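Hello,

Here is the structure I promised to pass on to you. Have a look at it first, and then read on for my notes.

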Amino acid sequence: MDLDDTPQQAAHRAQVRSWLEEHASEAPVLNGPDALQDEQEIIAARRAWQGKLAEGGLAGVTWPKEFGGQGQGPIEQVICSQEIARAKVPGILDAIGVGMLGPTIIAHGTDEQKSRYLGPMLHGDEVWCQLFSEPAAGSDLAAVQSRARRADDGSWRLNGQKVWTTNAQFASYGLLLARTDPDVPKHKGLTMFIVPMDAPGVTVRGLRQISGEAEFNEVFFDDVALDADAVVGGEGNGWATALTTLMFERVTIGLGSEGLGYNSNRFAHAIATNEDARRDPEVRHVLGEIASELLAVRFTGYRTLTALQKGQVPGPEAGLAKITIVNGAIRAGELIADVQGPDALGKDSEWAYMISFLPGLKSAGGTEEILRNTIGERVLGLPPAPRLDKGIPFSELRSKEAAAA
Ligand SMILES: Cc1cc2nc3c(=O)[nH]c(=O)nc-3n(C[C@H](O)[C@H](O)[C@H](O)COP(=O)(O)OP(=O)(O)OC[C@H]3O[C@@H](n4cnc5c(N)ncnc54)[C@H](O)[C@@H]3O)c2cc1C
(Lines give C-alpha, C1' and ligand atoms only; values in the text may rest on other atoms or scores of the structure.)
Protein backbone atom coordinates (compact mmCIF):
# COMPACT_ATOMS: atom_id res chain seq x y z
CA MET A 1 0.00 0.00 0.00
CA ASP A 2 1.24 3.49 -0.89
CA LEU A 3 1.01 5.56 2.29
CA ASP A 4 1.62 8.93 0.64
CA ASP A 5 -1.31 11.09 -0.43
CA THR A 6 -2.39 10.55 -4.02
CA PRO A 7 -2.47 13.80 -6.07
CA GLN A 8 -6.24 14.03 -5.39
CA GLN A 9 -5.77 13.44 -1.66
CA ALA A 10 -2.94 16.00 -1.54
CA ALA A 11 -5.24 18.52 -3.25
CA HIS A 12 -7.99 17.74 -0.73
CA ARG A 13 -5.54 18.14 2.17
CA ALA A 14 -4.33 21.49 0.81
CA GLN A 15 -7.91 22.71 0.44
CA VAL A 16 -8.82 21.66 4.01
CA ARG A 17 -5.63 23.18 5.40
CA SER A 18 -6.19 26.48 3.67
CA TRP A 19 -9.83 26.62 4.90
CA LEU A 20 -8.61 25.99 8.45
CA GLU A 21 -5.88 28.63 8.18
CA GLU A 22 -8.51 31.13 7.10
CA HIS A 23 -11.10 30.21 9.75
CA ALA A 24 -9.13 28.86 12.76
CA SER A 25 -9.43 32.20 14.57
CA GLU A 26 -13.24 31.72 14.63
CA ALA A 27 -12.96 28.40 16.52
CA PRO A 28 -13.96 28.32 20.19
CA VAL A 29 -11.02 28.22 22.63
CA LEU A 30 -11.45 25.23 24.94
CA ASN A 31 -8.02 25.01 26.62
CA GLY A 32 -5.54 27.39 28.22
CA PRO A 33 -5.94 30.73 29.96
CA ASP A 34 -8.40 32.14 27.36
CA ALA A 35 -10.64 29.08 27.42
CA LEU A 36 -14.41 29.56 27.58
CA GLN A 37 -15.68 28.64 31.04
CA ASP A 38 -19.46 28.67 30.99
CA GLU A 39 -20.93 25.31 29.90
CA GLN A 40 -23.81 26.85 27.94
CA GLU A 41 -21.45 29.24 26.21
CA ILE A 42 -19.12 26.39 25.27
CA ILE A 43 -21.96 24.36 23.75
CA ALA A 44 -23.32 27.34 21.82
CA ALA A 45 -19.84 28.15 20.48
CA ARG A 46 -19.18 24.54 19.52
CA ARG A 47 -22.53 24.27 17.71
CA ALA A 48 -21.77 27.42 15.75
CA TRP A 49 -18.29 26.07 14.93
CA GLN A 50 -19.81 22.78 13.72
CA GLY A 51 -22.05 24.82 11.40
CA LYS A 52 -18.97 26.57 9.99
CA LEU A 53 -17.12 23.26 9.53
CA ALA A 54 -20.17 21.88 7.70
CA GLU A 55 -20.34 24.93 5.42
CA GLY A 56 -16.63 24.55 4.70
CA GLY A 57 -17.12 20.87 3.79
CA LEU A 58 -15.23 19.60 6.86
CA ALA A 59 -18.23 17.85 8.49
CA GLY A 60 -20.20 14.97 6.99
CA VAL A 61 -17.32 14.32 4.59
CA THR A 62 -18.59 10.82 3.75
CA TRP A 63 -22.30 11.73 3.75
CA PRO A 64 -23.93 11.78 0.30
CA LYS A 65 -24.14 15.23 -1.30
CA GLU A 66 -27.94 15.11 -1.40
CA PHE A 67 -27.96 15.26 2.43
CA GLY A 68 -25.46 18.11 2.64
CA GLY A 69 -22.31 15.97 2.83
CA GLN A 70 -19.29 15.89 0.57
CA GLY A 71 -19.86 12.44 -0.96
CA GLN A 72 -16.21 11.59 -0.35
CA GLY A 73 -14.48 8.51 1.01
CA PRO A 74 -13.14 7.57 4.45
CA ILE A 75 -9.60 8.63 3.51
CA GLU A 76 -10.82 12.17 2.93
CA GLN A 77 -12.55 11.98 6.33
CA VAL A 78 -9.28 10.94 7.98
CA ILE A 79 -7.40 13.72 6.17
CA CYS A 80 -9.95 16.21 7.57
CA SER A 81 -9.51 14.83 11.11
CA GLN A 82 -5.72 14.99 10.77
CA GLU A 83 -5.84 18.59 9.57
CA ILE A 84 -8.28 19.64 12.31
CA ALA A 85 -5.91 18.10 14.91
CA ARG A 86 -2.94 19.81 13.24
CA ALA A 87 -4.71 23.20 13.35
CA LYS A 88 -5.39 22.60 17.10
CA VAL A 89 -9.06 23.54 16.77
CA PRO A 90 -12.02 21.53 18.07
CA GLY A 91 -13.80 19.11 15.76
CA ILE A 92 -17.57 18.90 15.49
CA LEU A 93 -19.63 18.87 18.68
CA ASP A 94 -22.04 16.15 17.55
CA ALA A 95 -19.61 13.39 16.58
CA ILE A 96 -22.17 10.79 17.72
CA GLY A 97 -24.90 12.24 15.50
CA VAL A 98 -22.84 12.95 12.42
CA GLY A 99 -20.52 9.95 12.79
CA MET A 100 -22.99 7.24 13.82
CA LEU A 101 -26.67 8.18 14.01
CA GLY A 102 -26.87 10.20 10.77
CA PRO A 103 -25.34 7.32 8.77
CA THR A 104 -27.88 4.97 10.42
CA ILE A 105 -30.76 7.21 9.30
CA ILE A 106 -29.20 7.44 5.83
CA ALA A 107 -29.07 3.62 5.69
CA HIS A 108 -32.46 2.78 7.25
CA GLY A 109 -34.59 5.94 7.51
CA THR A 110 -37.54 6.99 5.36
CA ASP A 111 -37.20 9.81 2.81
CA GLU A 112 -39.19 12.07 5.16
CA GLN A 113 -36.84 11.30 8.08
CA LYS A 114 -33.79 11.99 5.94
CA SER A 115 -35.06 15.32 4.67
CA ARG A 116 -36.34 16.44 8.10
CA TYR A 117 -33.43 15.48 10.36
CA LEU A 118 -30.12 15.23 8.51
CA GLY A 119 -29.52 18.90 7.59
CA PRO A 120 -30.02 20.35 11.11
CA MET A 121 -27.93 17.47 12.52
CA LEU A 122 -25.00 18.14 10.22
CA HIS A 123 -24.96 21.87 10.94
CA GLY A 124 -25.21 21.48 14.73
CA ASP A 125 -28.65 23.13 14.85
CA GLU A 126 -30.06 19.96 16.42
CA VAL A 127 -27.71 17.76 18.46
CA TRP A 128 -28.51 14.04 18.81
CA CYS A 129 -27.86 11.38 21.42
CA GLN A 130 -27.61 7.59 21.30
CA LEU A 131 -30.23 6.02 23.59
CA PHE A 132 -29.04 2.40 23.54
CA SER A 133 -27.42 1.38 26.88
CA GLU A 134 -29.52 0.58 29.95
CA PRO A 135 -28.62 -0.39 33.52
CA ALA A 136 -29.02 -4.10 32.58
CA ALA A 137 -28.13 -3.84 28.89
CA GLY A 138 -24.64 -2.58 28.06
CA SER A 139 -22.35 -5.27 26.70
CA ASP A 140 -25.47 -7.39 26.22
CA LEU A 141 -27.26 -4.65 24.31
CA ALA A 142 -29.97 -6.94 22.93
CA ALA A 143 -31.28 -7.30 26.51
CA VAL A 144 -32.85 -3.80 26.48
CA GLN A 145 -36.01 -3.58 28.52
CA SER A 146 -37.31 -0.13 27.58
CA ARG A 147 -40.72 -1.00 26.24
CA ALA A 148 -42.68 0.61 23.40
CA ARG A 149 -46.31 -0.45 22.94
CA ARG A 150 -48.31 0.34 19.84
CA ALA A 151 -51.73 1.98 20.21
CA ASP A 152 -54.68 1.32 17.88
CA ASP A 153 -54.00 4.52 15.90
CA GLY A 154 -50.43 3.33 15.12
CA SER A 155 -48.73 5.69 17.59
CA TRP A 156 -46.48 4.34 20.40
CA ARG A 157 -46.14 4.69 24.17
CA LEU A 158 -42.62 4.41 25.55
CA ASN A 159 -41.58 3.52 29.12
CA GLY A 160 -38.15 2.69 30.51
CA GLN A 161 -34.68 3.98 31.32
CA LYS A 162 -31.40 4.55 29.49
CA VAL A 163 -27.99 5.31 31.02
CA TRP A 164 -24.58 6.74 30.01
CA THR A 165 -26.31 8.83 27.36
CA THR A 166 -23.67 11.27 26.14
CA ASN A 167 -24.94 14.79 25.31
CA ALA A 168 -28.57 14.04 26.32
CA GLN A 169 -28.49 17.19 28.47
CA PHE A 170 -28.58 19.40 25.36
CA ALA A 171 -29.74 17.01 22.63
CA SER A 172 -32.85 17.77 20.57
CA TYR A 173 -33.38 14.15 19.48
CA GLY A 174 -32.28 10.66 20.44
CA LEU A 175 -32.13 7.41 18.50
CA LEU A 176 -33.58 4.83 20.87
CA LEU A 177 -33.62 1.03 20.89
CA ALA A 178 -36.75 -0.37 22.57
CA ARG A 179 -38.43 -3.73 22.99
CA THR A 180 -41.66 -3.93 21.04
CA ASP A 181 -42.25 -7.69 21.23
CA PRO A 182 -41.09 -9.58 24.35
CA ASP A 183 -42.52 -12.88 23.12
CA VAL A 184 -39.80 -13.57 20.54
CA PRO A 185 -36.03 -14.19 21.11
CA LYS A 186 -34.27 -11.09 22.37
CA HIS A 187 -32.61 -9.92 19.13
CA LYS A 188 -35.89 -10.15 17.21
CA GLY A 189 -38.35 -8.10 19.28
CA LEU A 190 -36.55 -4.75 19.05
CA THR A 191 -37.41 -1.54 17.18
CA MET A 192 -35.49 1.72 16.67
CA PHE A 193 -37.23 5.05 17.29
CA ILE A 194 -36.52 8.75 16.93
CA VAL A 195 -37.40 10.43 20.25
CA PRO A 196 -37.77 14.21 20.67
CA MET A 197 -35.91 14.95 23.91
CA ASP A 198 -38.41 17.67 24.86
CA ALA A 199 -41.41 15.31 24.63
CA PRO A 200 -43.59 15.20 27.78
CA GLY A 201 -42.43 12.30 29.99
CA VAL A 202 -38.70 12.49 29.09
CA THR A 203 -36.48 13.28 32.11
CA VAL A 204 -32.70 13.77 31.78
CA ARG A 205 -30.48 13.52 34.88
CA GLY A 206 -26.75 14.26 34.66
CA LEU A 207 -24.07 11.89 35.99
CA ARG A 208 -21.16 13.79 37.54
CA GLN A 209 -17.72 12.41 36.56
CA ILE A 210 -14.38 12.44 38.36
CA SER A 211 -13.28 15.29 36.04
CA GLY A 212 -16.11 17.47 37.40
CA GLU A 213 -18.00 17.44 34.09
CA ALA A 214 -21.38 15.78 33.57
CA GLU A 215 -21.27 14.67 29.94
CA PHE A 216 -23.37 11.54 30.47
CA ASN A 217 -26.89 11.13 31.71
CA GLU A 218 -29.61 8.85 32.88
CA VAL A 219 -32.73 9.31 30.77
CA PHE A 220 -36.18 8.23 31.97
CA PHE A 221 -39.24 7.70 29.75
CA ASP A 222 -42.59 7.86 31.45
CA ASP A 223 -45.42 7.08 29.04
CA VAL A 224 -43.84 9.11 26.24
CA ALA A 225 -46.06 9.39 23.14
CA LEU A 226 -44.31 8.77 19.82
CA ASP A 227 -45.88 9.14 16.37
CA ALA A 228 -46.10 6.15 14.03
CA ASP A 229 -43.44 7.74 11.81
CA ALA A 230 -40.89 7.73 14.68
CA VAL A 231 -39.86 4.16 13.73
CA VAL A 232 -36.52 3.85 11.89
CA GLY A 233 -35.84 0.75 9.80
CA GLY A 234 -39.17 -1.00 10.42
CA GLU A 235 -40.85 -2.60 13.41
CA GLY A 236 -38.95 -5.63 14.77
CA ASN A 237 -35.84 -4.68 12.80
CA GLY A 238 -34.15 -2.76 15.61
CA TRP A 239 -31.20 -5.10 16.01
CA ALA A 240 -30.12 -4.82 12.36
CA THR A 241 -30.54 -1.04 12.58
CA ALA A 242 -28.49 -0.94 15.82
CA LEU A 243 -25.72 -2.99 14.20
CA THR A 244 -25.34 -0.27 11.55
CA THR A 245 -24.85 2.30 14.32
CA LEU A 246 -22.35 0.05 16.13
CA MET A 247 -20.38 -0.53 12.93
CA PHE A 248 -20.04 3.24 12.45
CA GLU A 249 -19.16 3.57 16.16
CA ARG A 250 -16.32 1.09 15.72
CA VAL A 251 -14.99 2.99 12.73
CA THR A 252 -15.43 6.41 14.39
CA ILE A 253 -13.52 5.33 17.51
CA GLY A 254 -10.95 3.22 15.65
CA LEU A 255 -9.98 5.92 13.19
CA GLY A 256 -10.48 8.82 15.55
CA SER A 257 -7.28 8.63 17.61
CA GLU A 258 -5.64 11.44 15.63
CA GLY A 259 -8.57 13.68 16.47
CA LEU A 260 -8.41 12.69 20.14
CA GLY A 261 -4.82 13.95 20.25
CA TYR A 262 -3.42 10.66 21.58
CA ASN A 263 -0.13 11.10 19.83
CA SER A 264 3.23 9.84 21.04
CA ASN A 265 5.05 13.04 20.04
CA ARG A 266 2.74 15.02 22.32
CA PHE A 267 3.34 12.56 25.14
CA ALA A 268 7.12 12.78 24.61
CA HIS A 269 7.03 16.61 24.71
CA ALA A 270 5.16 16.55 28.02
CA ILE A 271 7.72 14.20 29.55
CA ALA A 272 10.75 15.96 28.09
CA THR A 273 9.95 19.06 30.15
CA ASN A 274 11.49 17.18 33.08
CA GLU A 275 15.28 16.80 32.75
CA ASP A 276 15.52 13.72 35.03
CA ALA A 277 12.66 11.95 33.29
CA ARG A 278 14.18 12.69 29.89
CA ARG A 279 17.31 10.77 30.89
CA ASP A 280 15.57 7.99 32.82
CA PRO A 281 15.97 4.71 30.83
CA GLU A 282 12.77 3.25 32.32
CA VAL A 283 10.70 6.29 31.24
CA ARG A 284 12.26 6.18 27.77
CA HIS A 285 11.54 2.46 27.55
CA VAL A 286 7.83 2.86 28.42
CA LEU A 287 7.51 5.80 26.04
CA GLY A 288 9.12 3.72 23.29
CA GLU A 289 6.63 0.91 23.87
CA ILE A 290 3.67 3.31 23.72
CA ALA A 291 5.01 4.93 20.56
CA SER A 292 5.50 1.59 18.81
CA GLU A 293 2.01 0.40 19.76
CA LEU A 294 0.41 3.60 18.50
CA LEU A 295 2.40 3.25 15.29
CA ALA A 296 1.12 -0.32 14.91
CA VAL A 297 -2.43 1.01 15.40
CA ARG A 298 -1.85 3.54 12.67
CA PHE A 299 -0.90 0.78 10.25
CA THR A 300 -3.86 -1.37 11.33
CA GLY A 301 -5.95 1.73 10.70
CA TYR A 302 -4.64 1.83 7.12
CA ARG A 303 -5.98 -1.71 6.68
CA THR A 304 -9.38 -0.59 7.93
CA LEU A 305 -9.22 2.37 5.56
CA THR A 306 -8.30 0.12 2.65
CA ALA A 307 -11.34 -2.07 3.41
CA LEU A 308 -13.60 0.98 3.60
CA GLN A 309 -12.15 2.41 0.41
CA LYS A 310 -13.00 -0.83 -1.39
CA GLY A 311 -16.58 -0.59 -0.12
CA GLN A 312 -16.07 -3.43 2.41
CA VAL A 313 -17.26 -3.35 6.00
CA PRO A 314 -14.20 -3.36 8.30
CA GLY A 315 -13.95 -6.54 10.34
CA PRO A 316 -13.92 -6.91 14.11
CA GLU A 317 -10.13 -6.48 14.13
CA ALA A 318 -10.90 -2.73 14.05
CA GLY A 319 -11.79 -3.17 17.75
CA LEU A 320 -8.13 -3.87 18.44
CA ALA A 321 -7.30 -0.28 17.54
CA LYS A 322 -9.59 1.01 20.28
CA ILE A 323 -8.11 -1.30 22.92
CA THR A 324 -4.53 -0.41 21.99
CA ILE A 325 -5.13 3.36 21.73
CA VAL A 326 -6.93 3.54 25.07
CA ASN A 327 -4.42 1.35 26.92
CA GLY A 328 -1.48 3.26 25.37
CA ALA A 329 -2.99 6.61 26.36
CA ILE A 330 -3.68 5.35 29.90
CA ARG A 331 -0.01 4.32 30.27
CA ALA A 332 1.07 7.69 28.86
CA GLY A 333 -1.22 9.50 31.29
CA GLU A 334 0.27 7.56 34.21
CA LEU A 335 3.79 8.40 33.02
CA ILE A 336 2.95 12.09 32.65
CA ALA A 337 1.33 12.11 36.11
CA ASP A 338 4.47 10.45 37.57
CA VAL A 339 6.74 13.00 35.92
CA GLN A 340 4.67 16.17 36.42
CA GLY A 341 3.21 15.22 39.81
CA PRO A 342 -0.09 16.76 40.97
CA ASP A 343 0.24 19.54 38.34
CA ALA A 344 -0.75 16.98 35.70
CA LEU A 345 -4.25 16.94 37.20
CA GLY A 346 -4.42 20.68 37.92
CA LYS A 347 -7.10 22.95 36.49
CA ASP A 348 -4.81 24.37 33.80
CA SER A 349 -3.20 21.09 32.81
CA GLU A 350 -3.80 19.99 29.23
CA TRP A 351 -3.63 16.38 30.54
CA ALA A 352 -6.18 16.48 33.36
CA TYR A 353 -9.16 15.79 31.11
CA MET A 354 -7.45 12.97 29.20
CA ILE A 355 -6.29 11.24 32.39
CA SER A 356 -9.71 11.34 34.04
CA PHE A 357 -11.68 10.53 30.87
CA LEU A 358 -9.72 7.47 29.73
CA PRO A 359 -11.01 4.94 32.28
CA GLY A 360 -14.51 5.67 30.90
CA LEU A 361 -13.32 5.32 27.33
CA LYS A 362 -12.31 1.78 28.23
CA SER A 363 -16.02 0.93 28.37
CA ALA A 364 -17.44 3.28 25.73
CA GLY A 365 -17.97 1.68 22.35
CA GLY A 366 -17.51 -1.82 23.78
CA THR A 367 -15.42 -2.93 26.75
CA GLU A 368 -12.00 -4.49 26.31
CA GLU A 369 -13.29 -7.94 27.33
CA ILE A 370 -16.13 -7.83 24.82
CA LEU A 371 -13.87 -6.61 22.00
CA ARG A 372 -11.33 -9.32 22.85
CA ASN A 373 -14.11 -11.94 22.90
CA THR A 374 -15.22 -10.80 19.45
CA ILE A 375 -11.67 -10.84 18.09
CA GLY A 376 -11.14 -14.29 19.62
CA GLU A 377 -14.26 -15.72 18.04
CA ARG A 378 -14.44 -13.92 14.72
CA VAL A 379 -10.79 -13.23 13.84
CA LEU A 380 -8.88 -16.05 15.57
CA GLY A 381 -11.65 -18.65 15.16
CA LEU A 382 -11.73 -19.65 18.83
CA PRO A 383 -14.86 -21.47 20.08
CA PRO A 384 -17.72 -19.06 20.91
CA ALA A 385 -18.89 -18.43 24.47
CA PRO A 386 -21.97 -20.54 25.31
CA ARG A 387 -25.25 -18.71 24.51
CA LEU A 388 -27.86 -19.93 26.96
CA ASP A 389 -30.49 -17.47 25.71
CA LYS A 390 -30.47 -18.60 22.06
CA GLY A 391 -33.95 -19.06 20.59
CA ILE A 392 -35.74 -18.37 23.89
CA PRO A 393 -38.45 -15.67 23.98
CA PHE A 394 -37.23 -12.60 25.90
CA SER A 395 -40.22 -12.77 28.26
CA GLU A 396 -39.10 -16.25 29.44
CA LEU A 397 -35.42 -15.41 29.92
CA ARG A 398 -35.58 -13.93 33.38
CA SER A 399 -37.49 -16.84 34.86
CA LYS A 400 -34.99 -19.27 33.23
CA GLU A 401 -32.04 -17.26 34.59
CA ALA A 402 -33.64 -17.17 38.03
CA ALA A 403 -34.21 -20.93 37.92
CA ALA A 404 -30.57 -21.52 36.91
CA ALA A 405 -29.23 -19.26 39.69
C1 LIG B 1 -17.63 7.47 28.22
C2 LIG B 1 -18.86 6.68 27.91
C3 LIG B 1 -19.80 7.16 27.01
C4 LIG B 1 -20.90 6.40 26.69
N5 LIG B 1 -21.86 6.94 25.84
C6 LIG B 1 -22.95 6.21 25.56
C7 LIG B 1 -24.01 6.77 24.77
O8 LIG B 1 -23.95 7.93 24.34
N9 LIG B 1 -25.09 6.02 24.50
C10 LIG B 1 -25.21 4.73 24.94
O11 LIG B 1 -26.21 4.10 24.62
N12 LIG B 1 -24.25 4.18 25.73
C13 LIG B 1 -23.14 4.88 26.06
N14 LIG B 1 -22.16 4.35 26.88
C15 LIG B 1 -22.36 3.02 27.44
C16 LIG B 1 -21.45 1.96 26.87
O17 LIG B 1 -21.87 1.54 25.61
C18 LIG B 1 -21.43 0.81 27.90
O19 LIG B 1 -20.73 1.29 29.05
C20 LIG B 1 -20.76 -0.43 27.39
O21 LIG B 1 -21.51 -1.04 26.38
C22 LIG B 1 -20.55 -1.45 28.54
O23 LIG B 1 -21.74 -1.71 29.20
P24 LIG B 1 -21.88 -1.56 30.79
O25 LIG B 1 -21.25 -0.27 31.21
O26 LIG B 1 -23.31 -1.79 31.13
O27 LIG B 1 -20.97 -2.72 31.39
P28 LIG B 1 -21.38 -4.25 31.55
O29 LIG B 1 -21.89 -4.77 30.26
O30 LIG B 1 -22.26 -4.39 32.74
O31 LIG B 1 -19.98 -4.89 31.85
C32 LIG B 1 -19.37 -4.85 33.15
C33 LIG B 1 -18.06 -5.61 33.09
O34 LIG B 1 -18.31 -6.99 32.76
C35 LIG B 1 -17.58 -7.38 31.59
N36 LIG B 1 -18.39 -8.30 30.77
C37 LIG B 1 -19.69 -8.15 30.44
N38 LIG B 1 -20.08 -9.16 29.63
C39 LIG B 1 -18.99 -9.96 29.45
C40 LIG B 1 -18.75 -11.16 28.71
N41 LIG B 1 -19.71 -11.73 27.99
N42 LIG B 1 -17.48 -11.67 28.73
C43 LIG B 1 -16.50 -11.08 29.47
N44 LIG B 1 -16.67 -9.94 30.19
C45 LIG B 1 -17.90 -9.39 30.19
C46 LIG B 1 -17.32 -6.08 30.85
O47 LIG B 1 -16.20 -6.17 30.00
C48 LIG B 1 -17.12 -5.07 31.98
O49 LIG B 1 -15.79 -5.14 32.46
C50 LIG B 1 -21.07 5.11 27.24
C51 LIG B 1 -20.13 4.62 28.15
C52 LIG B 1 -19.05 5.40 28.52
C53 LIG B 1 -18.12 4.88 29.55
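This is a predicted model: local features need pLDDT of at least 70, side-chain atom pairs count only at pLDDT 80 or more; totals for chains, interfaces and linings use all residues.

**What I found**

**The overall picture**

The protein has 14 helices and eight strands. Its C-alpha trace spans about 70 × 50 × 45 Å along the principal axes. For 405 residues, a compact globule would have a radius of gyration near 22 Å, and the protein agrees, because its own value is 22 Å. Of those 405 residues, 35% are buried. If you count contacts between residues at least 6 apart in sequence, 68% of them join residues at least 24 apart.

The domain assignment gives domain 1 (7–93), domain 2 (128–236) and domain 3 (256–379). Taken over C-alpha atoms, the centres of domain 1 and domain 2 are separated by 30 Å.

**Two helices to look at**

Helix H5 covers residues 111–122. From the first C-alpha to the last, the 12 residues of H5 reach 17 Å, close to the 16 Å expected at 1.5 Å a residue. Which residues of H5 are buried? They are Tyr117, Leu118, Met121 and Leu122. Seen down the axis of H5, the buried residues fall within an arc of 115 degrees, so they line one face of the helix. On the face of H5 turned away from the buried side you will find the exposed residues Glu112 and Ser115. The cover over the buried residues of H5 includes helix H2 (39–55), helix H4 (95–108), strand E1 (128–131) and strand E4 (173–179). After H5 comes Gly124, which has a positive phi near 80 degrees.

Helix H8 (residues 264–272) can be read in a similar way. Its buried residues are Phe267, Ala270 and Ile271. They cover an arc of only 95 degrees around the axis, which puts them on the same side of H8. Asn265 and His269 are exposed, and they sit on the face of H8 turned away from its buried side. As for partners, the buried residues of H8 pack against helix H9 (275–279), helix H10 (281–309) and helix H11 (318–340).

**Two loop residues with positive phi**

Lys88 is a residue other than glycine with a positive phi, near 55 degrees. Lys88 lies in the loop between helix H3 (74–86) and H4. Is Lys88 buried or exposed? Lys88 counts as exposed, because it has 11 C-beta neighbours inside 10 Å, and the cut-off for exposed is 12 or fewer.

Asn167 is also a residue other than glycine with a positive phi, here near 70 degrees. Asn167 has its place in the loop between strand E3 (156–162) and E4. With 21 C-beta neighbours inside 10 Å, Asn167 counts as buried, since the cut-off for buried is 20 or more.

Best wishes

Notes:
Residues are numbered from 1 along each chain as its sequence is written. Helices (H or I, at least four residues) and strands (E, at least two) are DSSP runs, numbered from the N terminus. The radius of gyration is taken over C-alpha atoms; the globule rule is 2.2 Å times the number of residues to the power 0.38. Two residues are in contact if their C-beta atoms, placed from the backbone, lie within 7 Å. Domain bounds come from an automatic or database domain assignment. The expected span of a helix is 1.5 Å times one less than its number of residues. The arc is that of the directions from the helix axis to the C-beta atoms.
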